[in-house]
Amino acid sequence: MFTPGHQIGVYAGSALLGALLLVLSSASAGSERHAIGTVEREPRLAVEPDPGQEEGVRLSREFIHLLDAGDMRSTEAAFEREIAAADTDAERATIALSYGTSVARIASRDGDEERLEAATKYFEYAIAHGADRERLAALNNYATANLKLGNSTQAVALFSQGLPQVQAFPDPAVRARYLHNFGEALLQHGDPSAAIPVLVQAFDADPASTVAAEAGVRAAITAGDGDRAGHFAGGLLRNGHEATAASALRQLLAPDALPRMDDSRPVIEAFYDYLVASRTDQDAYRNDWEGLTRDALGRVEESGRQYLNFVPLAYSPELPVVLEPISARIEFAPWLPNPEDGKLAADLLGAPSRFLTGVGEIYAEQGDVNAALARYALSWSLDTTNVQAGQYAANLMTVHREKVDPQRRLFSQFVFNLFEGKGEAYLGNDWPAIFRFHVVLASLYVQEGQWGDEHRADGAIFQLQHALRARARIADSEARGIAVPGLYGMLGQAYAGIGDEAKAFDNYLHAARDALRLEDREQARQYLRAARALPYSPTEDQIRRFRQVTTALG
C-alpha cells in the first residue's frame, strides 16, 4: 500500500491495470481478499500499486511531497512538465492516470474533498487521450472519486461508459473490481435492482473474493429479491467462503430482511446447504441458529414458512421413522396439494428431502444411527426420487439391524412400500420411478446378502436386472442420478454370491468399462480386481475384453 514519500510507478502494461484501480469499500465484513484490507461501513477509496514493477514513468519524490503537503499549484505545474516531456498520447494518458490516482488516494486519506475534486481533471485527460486499458482505469477511478464526493449520478454514468470494455477485459480480477465498484455506485444511487446483475458478474469474475457477493446480499435485501439473495449466499458457500456465507445468511434471515423477499425459498435452500456443508449438529444448531430460525418463522411469508419448518424438524430429537410416502407428506407437508402425486412431491419437496438426507449424514457420522435413519426415512418418504436417501436407509437397516430394527418391522414395512410404489409406477408407465424403486429394493437385498435369481422378486439379481431394463426405457438425463457401473457392480457381486462366476465376471467387466467411460479410473480398477479375484477361468473372449479395458486404463 502507498504511504507518503514512496515512489509510485505510472504503469502502462495491461497486467498492471488492476494496480491502478481505486477500490470502493463495501459494508461487509470478513472479506478474504480486499485491496484495502479493512472494510468499513463508510466507503473510502484506496489504490494498490504493484511495488515489484519497474516499467513506465516514475513519479518523483518531489511530486509526492508537494501532493502530500497540499500544494496543488506546484503539483499541477509538475504534471504539465511531465505531459510536455512525453512523446506519445499513450504515455501522456498513463501519466495523467497515475497523477489522478495519487491525488485521489491522498485526498481520500485526508478527507480533503477539494483535493479529491481536483483529481478529476487528470482522469478526464486520461479518458480523452488513453487507449482502452488507460481509459478503463481512469473511468473507474474518476467514477469512484465522484462517488466519494457524493455524486452518484455522475459515478453511475462514468462506470456505464466503461462497461463494454471491462466485460471483455481478460483479467478477471480487474473485471471483478470494476464491476463491484459499479454495483456499489448503483446501490448508493438507490437502484439495487440494477446493482444486482452487475454484482453477479463481479462475483462470477472472481469468486475467490467475497466483496461483490456481500454487496449483492445487501442489494438483494433492499430490492426484496429472494432468488438473487439465495444465489449470492449459495455462491459464497460453493466457493469455500463458509464464514462469510454464515454472516450473509444471518443478515438474510433477520426479521427486517426475510419478510421483504418476494420469494424466500432460495434463501432457505441456501440455509439448508450451509447447515449441511458446515456439518452443523444438534448442539451447534441450538446454540447458533435456533433462535434466529424461530424468529424468522414468525415473520416469513407462507411459502417460506413451509420450507423453513423443515429446519427445526431436521434437528428435532423426537423425529419418528416414517417409511410411508403419503402419510409422511400429509403429516409433514400438509400444504401439498396432492400428497399422492409423486412428481409434484419431487418438485416441491426435493430440496427439503435432500436437506434431511444431509442432516442424517451428520447424525450418522456421530454414530447416532437411529436419528440418522429417521432423517433418511423421511427424506425418501417425502420424495421417493431421492434414491440416495432410500439406499442410506436400507444400509442402516441391515448393517445396524440390532440398533435400529431388531424385530425387522421397519425392514418389512420399507419393502412393502417399495413394492407398492413400484407397482403403481408400472401402472402409470413411469419408467424413471420404476427404475428408482428397483434400485432401492436391490440395495436392500444386496445389503442383506439376499441374492435370489432372475425370477424371484425378493432378491438382488431380479431387482438389478429390472432396474437396468427400466433405465434403458428412459432418457439418460433422467437416470443419471444413479451410476450404471454401480448397478453392474452389484449384479456382479450378486452372481458371485450364488456361485455363477461367469456372469459375475461379465458384470464386473461391464461395470469397469462403464466406470472408465465416466472417467472414474479408480472405480474401474476395483471392478477389474473383483473380476480377477473370482475362482474362475475366463473364456478367451472374456480375457480379450478384460485386456481391452486394462489397456484403456493405461
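This is a predicted model: local features need pLDDT of at least 70, side-chain atom pairs count only at pLDDT 80 or more; totals for chains, interfaces and linings use all residues.
Let's start with accessibility: a residue is buried under 20% relative accessible area, exposed over 50%, and partly exposed in between, using a 1.4 Å probe and protein chains only. Residues are numbered from 1 along each chain as its sequence is written, and side-chain values use heavy atoms, with hydrogens and water left out.

Now for Arg-286 and its partner. Arg-286 makes a salt bridge (a side-chain nitrogen of Lys or Arg within 4 Å of a carboxyl oxygen of Asp or Glu) with Asp-283, with 3.0 Å between the closest N and O atoms. Both sit in helix H15, residues 282-288, 3 residues or about one turn apart; helices here are DSSP runs of H or I, at least four residues, numbered from the N terminus. Asp-283 is partly exposed too, at 45%.

Glu-454 and Lys-503 meet at 3.0 Å, N to O. Glu-454 is in the loop between H25 and helix H26 (460-471) and Lys-503 is in helix H29 (residues 501-517), so this pair ties together parts 49 residues apart in sequence. Glu-454 has a relative accessible area of 25%, and Lys-503 has 35%. Then there's Arg-218 with Glu-184, at 2.8 Å between the closest N and O atoms. That one links helix H11 (residues 211-223) to helix H9 (residues 172-188) across 34 residues, and its Glu-184 is buried at 4%. Arg-401, Asp-405, Arg-408 and Glu-448 are linked in a salt-bridge network. The structure holds 16 salt bridges.

What about open space? A pocket is an open set of points on a 1 Å grid over the protein atoms alone, where a 1.4 Å probe fits, with protein on both sides within 12 Å along at least five of seven lines; lining residues have an atom within 4 Å of a point. The largest pocket has a volume of about 570 Å³, counted as the space filled by probe spheres set on grid points joined across faces, edges and corners. Its lining has 23 residues, with Glu-340, Gly-342, Thr-384, Glu-424 and Phe-437 nearest the centre. H24 gives the largest share, 5 residues.

Key. Helices (H or I, at least four residues) and strands (E, at least two) are DSSP runs, numbered from the N terminus.
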